Amino acid sequence: MADKQISLPAKLINGGIAGLIGVTCVFPIDLAKTRLQNQQNGARLYTSMSDCLIKTIRSEGYFGMYRGAAVNLTLVTPEKAIKLAANDFFRHHFSKDGKLTLFKEMLAGCGAGTCQVIVTTPMEMLKIQLQDAGRIAAQRKLMPETVAAGTVETKSPTAMQLTRELLREKGIAGLYKGLGATLLRDVPFSIIYFPLFANLNNLGKRGVEGPAPFYVSFISGCLAGSTAAVAVNPVDVIKTRLQSLNRGSTEDTYSGVTDCIRKILRNEGPSAFLKGAYCRALVIAPLFGIAQVIYFLGVGELILILSFNYKL
């Protein structure tokens, strides 16, 4: 993304469209990531991403891979719009005072990550419950020893049912369970991703002022996204565990970030923090690659011009 005069409405549209397209493409991999991260020693139903997707299709059908997609598609639009537009805003603001240094780039990423968490946390909370419901149901059928005796099989809840239940029992705070872990994941991710993307993208620019070709932006977005995703995966594991409400009888429960880290290290070892890392990289890489192409093509700007004769 070039650090030029920005049109905030156009950036919000670009971010929203990029989020919708990207999530639709990679959601099954994201579902596999959540289920792999949530299964604990003694209750391992899936051995890999492909095994998880195959078993999901067998037990829940093709559309089982899109469990929770409606919530994600509804809320990822403002989430991605806020994140990408906020980074542009902060970069533009910091560049007014002179050269945009690496520190300022990281500071802009920090601001973007902090802003997005307002939307991210409730979205992730609901998405994780819906994505993981199939794992619990499959455990009940294939690994009954991991389910508490006398447990009654219930129909998977909808997003609205989960929202109403959480609001009724815990108020707004219920939707923000895992807020600390989400901040610990999304702020460092943005601090790594945005400066890395900008510098990789600059390597492919046509001249000093010219933009990089769209394929350079796509590749830069993929590389920066996958790098940042793997770097913060340990925190993503913690966040996923904290935000999961339903567990098997042999699985640990956690009271907070510190308790989660301690129990994972004691019961599963350090390698557990890398669970789902390659899935997360496969999710984030195309998601942000697509986002940068949407920005490069100026889809939001074109929509505003054609629909409202908007002056950028």
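**Figure 1. Salt bridges in the predicted model.** The count comes to 11 salt bridges. A salt bridge here is a side-chain nitrogen of Lys or Arg within 4 Å of a carboxyl oxygen of Asp or Glu. Side chains of opposite charge can pair when their charged atoms come close. This is a predicted model, in which local features need pLDDT of at least 70 and side-chain atom pairs count only at pLDDT 80 or more, while totals for chains, interfaces and linings use all residues. Residues are numbered from 1 along each chain as its sequence is written, and side-chain values use heavy atoms, with hydrogens and water left out.

**Figure 2. A network of salt bridges links Asp30, Lys33, Arg185, Asp186 and Asp236.** Lys33 pairs with Asp30, with the closest N and O atoms 4.0 Å apart. Both residues lie in helix H1 (residues 8-38), 3 residues apart, about one turn of the helix. Helices (H or I, at least four residues) and strands (E, at least two) are DSSP runs, numbered from the N terminus. Lys33 is buried, at 1% relative accessibility. Asp30 is buried too, at 9%. Buried means under 20% relative accessible area, exposed means over 50%, and partly exposed lies in between (1.4 Å probe, protein chains only). Asp186 forms a salt bridge with Arg185, and their closest N and O atoms are 2.7 Å apart. Asp186 has a relative accessible area of 3% and is buried. Arg185 is buried, at 3% relative accessibility. Asp236, another member of the network, is one of the buried residues of helix H9.

**Figure 3. Lys55 and Asp51 meet in a salt bridge.** The N to O distance is 3.2 Å. The two residues sit 4 residues apart in helix H2 (residues 49-60), so about one helical turn separates them. An α-helix has 3.6 residues a turn, so residues three or four places apart point the same way. Lys55 is partly exposed, at 26% relative accessibility. Asp51 is buried, at 17%.

**Figure 4. Helices H9 and H10 cross at roughly 110°.** The axes of H9 (residues 233-243) and H10 (residues 257-267) come within 10 Å. Axes are lines fitted to C-alpha atoms, for helices over the stretch in contact, and angles run from 0 to 180 degrees between N-to-C directions. H9 and H10 are therefore roughly perpendicular to each other. Angles of 65 to 115 degrees count as roughly perpendicular, under 35 as roughly parallel, over 145 as roughly antiparallel, and the rest as oblique. On the H9 side, Val237, Ile238, Arg241 and Leu242 make the contact. On the H10 side, Val257, Cys260, Ile261 and Ile264 make it. Contact means heavy atoms within 4.5 Å. H9 is mostly covered, with 9 of its 11 residues buried. Among them are Asn233, Lys239, Thr240 and Gln243.

Figure 5. Thr34 is buried, at 0% relative accessibility. Leaving out residues up to four places away in sequence, Thr34 touches Ile128, Gln131 and Thr240. Thr240 is itself a buried residue of H9.

**Figure 6. Gly178 in the loop between helices H6 and H7.** H6 spans 172-175 and H7 spans 179-203. Gly178 is buried, with a relative accessible area of 14%. Gly178 and Lys239 are 61 residues apart in sequence, yet 5.9 Å apart in space, C-alpha to C-alpha. Gly178 touches Thr121, Lys239 and Gln243, not counting residues up to four places away in sequence. Lys239 and Gln243 are among the buried residues of H9.

**Figure 7. A nonpolar patch on the surface.** Phe214, Tyr215, Phe218, Ile219, Leu223, Phe296 and Leu297 form the patch. Together they have about 680 Å² of accessible area. Patches are made of residues with over 30% relative accessible area and no salt bridge; like charges are joined within 9 Å, nonpolar side chains (Val, Leu, Ile, Met, Phe, Trp, Tyr) within 5 Å. Accessible areas come from the Shrake-Rupley method with a 1.4 Å probe, and for residues only the protein chains shown count as cover. Helix H8 (214-231) and helix H11 (277-297) each supply at least two residues. H8 gives the most, with 5 residues. Ile219 is found in H8 and is partly exposed, with a relative accessible area of 44%.
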